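Hi,

Here's the structure I promised to send over. Have a look first, and then read on for what turned up in it.

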Amino acid sequence: MTAHPVQRALAILEAVARLGPGATARQIAVFTATPASTAYRLLNLLVADGYLVRIEDLSGFALGRRTRELAGAEPEEESYESVLTELRGRVRFGIHLAVFDGTGIRLASRDPDHAPAGEGTLTGHPHASAVGKIALAFHPALFADRSLPGVTHRTITSPDVLSAELARVRQREIATEVEESRIGRCAVAVPVRDAHHVVCGALTALGGSAGLRVDDTDLADLLHTYAARLAGVFGPVATGRRTETCG
Amino acid sequence: MPPRAPRPSSPVPTGTALHEAIARSFSVHEPPRALSPLRALGRRQLSGVEVMAQSIATTAPAASMIGLPLAMLGTSVLGGVLAIVASVAVMALIALCVSQFTRRLAAAGGLYTFVTKGAGRRRAMTVGVAMAVKYCGSAALTLYQGGQEVIRLLGALGIDARGPAGSAAVHCLVTAVILLVVVRGVRRAMLAILVVELCSLALIVGLLLSGDSGARLPQPGSPASSHATLLLVLSAMFALAGFESAAFLGPEAKRPLVTVTRTVLWTPVICGALFLLAAWAVSSGRAGMLLNAYTGGADGGVDPGLGTALHLGVMCSWLASAMASFNAASHLFYTMAVERILPSPFRRVHATHRTPHGALVAVAVLVCAVCLALNAARHSAAAPPVALRLTVQGALVIAYVLVTLACLRFLARIGESTPLVKVAATLASGAGTALLGSLLFVSVTGHDKVVPAALGAVAVSGVVVVAVLRRLRPGALERVGVFDSAESDDVLPGSASYGRNARGLDSLVRRP
């Protein structure tokens, strides 16, 4: 029996959905009873058009986001990247998104036009960065018993001063950093919440000391507006790690 | 927000796993996890035409359509035509092998990254070195030739830049202009170059078709070599080479797996057809007008303005090829820097134009130095850079042979081999090896020690580079093979498994 190419393509997508992420081309060909060379050709076409994606080692497949279009589903809701791209177009600072997971702070989206220098300091010394202060303020248990080394001469190294600073961060929902993680750099960060209103990340603007004013209320308002939009995009973080980090 | 489901009219039947996965995707919200390591270059920007322009510019068919007929003057007509047919056939087989990679991954490292996926780190490093030699050498040669054309045209305008200082200044200026253009983004430049290339080709094809079959052909500049046919095969292969340069732009292309593959497969066919037209014109004597106009031969009736127009077209063709080689080499170096094989300055990306300007500056300095050395050698009446040309050609053949072998192993590893590709890869690697052997034979019999030594160095470079990296940057070896891997935003939410890759970053993995 000769199947129509569209039927074959749908059968291949169904096979990937059934076999799960990482299904190999050979498994898919067997599952759909498609000749191997035809299956390989269709798989490459489906990947090229975004209906499937290849996993990192290239030997298997997972469903691509465009399968929603194939199913006649409604248009995509806005993605976190589209929200960030819009914000990046409105300011001249580097806009980055950090998420807090089981291992600590991770930069989930870096501004491609303003690569963050000293990323290790941003995520590794939370008391020295605006992003880290958000994490410390809302998830103190994550960073208990940590020392407070001076990264620059302006880093807060006194536990009392830091406690007062974190109380202000919790109250105002905004954290700032003036040459504390790197000389010549300032930053403003605001918390990003998930659908359960739990802080699960931070949206930050990084810039030079000469250009970025940490008391710029317009910038703070802008960051808060976009952080609220990101909350709608993130929804509940669907990983088991959320409970141990954000819960 | 209530979860949304596929519409009832959707072609995906309810109750299927696909239907459930799509419905589930609307209620799953994952933070961004997997990101492409090459996203700094700007994903999904270049159109298919711009990708094609990169390959066509690298191949420089307008310049080759004059160069090949001139090379054919030293061979028998039948031998020349057969040499070009054989070259086209071999290149088409190699293109088929390369397309097996371009259908499956987009990589700014081009053939180098492809070989990491199929033939291991040592062979990949050999290809990396070979491609660096090829593209930097090719850029230097085309920049030098383009610079000579600029000097000639300046002379026609009454500006004498033939002296050592003048010609060096022209080459430096041309390098600076090319660097400026490629740093600012090669998109518009490539489109302009494509138009100029097509105009030059139209002029050349017009001259070939309207040429008088009785016209006298110019005499060959040098006595016919006993290996003239073999050298013509190498020249034709080198003229066709460059089709793979589209692969370097994969991560920036809009539909990379389609547009790059199409370009890789069609460029050698289109250029091969043009070269065959040139070969036919030589065999039928119609190339006389074209060659006399270009060489300024004594054959009467050739308008000097036509010669100037031809030189202008050839100049654009050479400089476009240099620009495309800059682009390709910089992407190769950028990839190696992302893998931490090269130092971090090579990893710099321009904040606005998203071009790897750190690597581009390095390529420009290197290429300009080689170009100035060629320029100085010419002024001291040394031999033309045949050794450099043969080394570049040989390095390219080494890379091609290894990529054909990698193709076989890569497809076997991912379980997607087909008999057709197996046959094509075996034939292509055999032909490539034979060609490499012939090249060495010609060099050795010609008492040339530079080319065999240089190619030997390229061949063992992989072993040496891996040994050095093991000592100096052991982490880098784990990172090789960086490509434009799928991002979380490309995946249907809730339909992927994530794990840490060798670079310690989240990536898509098989479900455990």
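Let's start with charge on chain B: there are 42 positive and 20 negative side chains, and the centres of the two sets sit 8 Å apart. Keep in mind that this is a predicted model, so everything below is computed from it.

Staying with the overall picture of chain B, its secondary structure comes to 17 helices and two strands. The radius of gyration is 24 Å, close to the 24 Å that the globule rule gives for 512 residues, so chain B is as compact as a globular protein of that length. If you want dimensions, the C-alpha trace spans about 80 × 55 × 45 Å along its principal axes. Of the 512 residues, 56% count as buried. Among contacts in chain B with a separation of 6 or more, 82% are between residues 24 or more positions apart. The chain exposes about 19600 Å², with carbon and sulfur atoms supplying 65% of that.

Chain A has 10 helices and seven strands. Of its 247 residues, 56% count as buried. For contacts between residues at least 6 apart in sequence, 57% join residues at least 24 apart. Its accessible surface is about 10400 Å², and 53% of that belongs to carbon and sulfur atoms.

Now the insides. The largest nonpolar core has 149 residues, and the ones with the most contacts inside it are B:Met65, B:Phe114, B:Phe275 and B:Phe326. There's also a second, separate core of 28 residues, which includes A:Ala25, A:Ala48, A:Ala71 and B:Ala21.

Leaving aside neighbours within four places in sequence, B:Phe114 is in contact with B:Val98, B:Phe101, B:Thr102, B:Leu105, B:Ala107, B:Ala247 and B:Val403.

- B:Thr404 is in helix H14 (residues 386–413) of chain B. Its relative accessible area is 0%, so B:Thr404 is buried. Beyond its neighbours within four places in sequence, B:Thr404 is in contact with B:Ile94, B:Cys97, B:Ala425, B:Ala428 and B:Ser429. B:Thr404 and B:Leu111 are 293 residues apart in sequence, yet 10 Å apart in space, C-alpha to C-alpha.

- B:Ser138 is in helix H6 (residues 120–156) of chain B. It also counts as buried, because its relative accessibility is 5% and the cut-off is under 20%. Not counting residues up to four places away in sequence, B:Ser138 touches B:Val133, B:Phe238, B:Ser325 and B:Val392.

- A:Arg170 is in helix H8 (residues 159–172) of chain A. Buried, exposed or partly exposed? With a relative accessible area of 39%, A:Arg170 is partly exposed. Setting aside residues up to four places away in sequence, A:Arg170 touches A:Leu136, A:Ala137 and A:Phe138. A:Phe138 is 32 residues away along the chain, and the C-alpha atoms of A:Arg170 and A:Phe138 are separated by 7.1 Å.

That's the lot for now.

Cheers

Methods: Residues numbered from 1 in each chain as written. Chains lettered and ligands numbered in written order. Predicted model: local features only at pLDDT ≥ 70, side-chain atom pairs only at ≥ 80, totals over all residues. Heavy atoms only, no water. Helix = DSSP H or I, 4+ residues; strand = E, 2+ residues; numbered from the N terminus. Buried < 20%, exposed > 50% of the residue type's maximum accessible area, 1.4 Å probe, protein only. Contact = heavy atoms within 4.5 Å. Rg over C-alpha atoms; globule rule 2.2 N^0.38 Å. Areas by Shrake-Rupley, 256 points an atom, 1.4 Å probe, with all protein chains shown as cover. Lys, Arg positive; Asp, Glu negative; His and termini not counted. Charge placed at Lys NZ, Arg CZ, Asp CG, Glu CD. Core = buried A, V, L, I, M, F, W, Y, C linked by side-chain atoms within 4.5 Å.
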